[in-house]
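Here is a short tour of one model. Keep the sequence and the coordinates in view as you read.

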Amino acid sequence: TCEPPPLCSRALMTATRVHSLRQRRDLGGGSFAIEVDGPIPATLPGQFYMLRTEQRWPVQLPRPFSLYDRAPDGSFGSFLVKPVGPGTRALCDVAPGEGIVLSGPLGQPFPRDVVDPVCVAGGVGLAPFLLLAREAQAAGRSLRLLFGGRTRAALAGIDDFDGLAKVFAATDDGSFGHAGLVTSLLDRLIDDGTVRAGEVVFCCGPDPMMHAVAALCERRGLRCFLSLETYMACGYGVCNGCTVEVQGPRFKGWPYSRTCIEGPVYEACELVHGHDPH
């Protein structure tokens, strides 16, 4: 059965502020951790912010990013960014001391009642899981993270999980970890008992990977939650530009959901089969 996860109230939580860039940390594979000065509000794993540069923003609308890391006191935070278009390139071109405008936190996080999830990430879909790993460590647990990429260089950010999580890597070319797709790695870990039927998977990454993970979880008896990387314009529900087709009691009969409000995290069974969130 597809039961709605508990929702996170956003009343009075969201703020828009200009933050100074502290540093741009090269994570390899063409990706960067963009670290800004606080205050960064308390943010739950899976929630996101809308970002734009304070000066010279080359496009009309801000861009959504999951919060990657946060100081315990909120004195700084960071975002995992891979420059692929004019907006992401502009964010990576900001110099230390220059401003980045943040609006957030926004959206619904991964469900808070799952004690020991199996996290599956691809590419910049790694972003929501560092906060989860820190939470698990603080609770005396070690998060299980499956991270897939084309090559070792594509596993940008994997070193940040050293000492925080049990990391299982997969590369398409076999240059690091399991040789093959992250879905075949998950299949193998189910077979050897590292992951057991009835457990819960949290997944974020490219759409084809998430479709494949959801299908595998359904076949192998795992509950699956997906953090969608849907295009967004406003980030707070007024433009209806990020709708996805949904089903289930959480939506009270409405056939479409705004990813920025009811998402970005959905249980896989809430998404209409075969729907492409883009």
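Where is the place of Arg 56? Arg 56 sits in the loop between S3 and S4. Helices (H or I, at least four residues) and strands (E, at least two) are DSSP runs, numbered from the N terminus.

The model is predicted: local features need pLDDT of at least 70, side-chain atom pairs count only at pLDDT 80 or more, and totals for chains, interfaces and linings use all residues. Residues are numbered from 1 along each chain as its sequence is written, and side-chain values use heavy atoms, with hydrogens and water left out.

Back to the backbone. Most residues other than glycine have a negative phi, and most peptide bonds are trans. Arg 56 has a positive phi of about 55°, yet is not a glycine. Its relative accessible area is 63%, so Arg 56 is exposed. Exposed means over 50% relative accessible area, buried under 20%, and partly exposed in between (1.4 Å probe, protein chains only).

Lys 252 also is not a glycine, and has a positive phi of about 50°. The loop between strand S13 (243-245) and strand S14 (256-258) holds Lys 252. At 71% relative accessibility, Lys 252 is exposed.

Now the cis bonds. One joins Gly 104 and Pro 105, with omega about 5°. Pro 105 lies in strand S6. Another joins Gly 263 and Pro 264, with omega about 10°. Pro 264 lies in the loop between helix H5 (259-262) and strand S15 (265-267).

Last, helix H1 (residues 86-93). Its buried residues are Gly 87, Thr 88, Ala 90, Leu 91 and Cys 92. Their cover includes strand S3 (48-53), strand S4 (63-70) and strand S6 (99-106).

Notes. Contact = heavy atoms within 4.5 Å.
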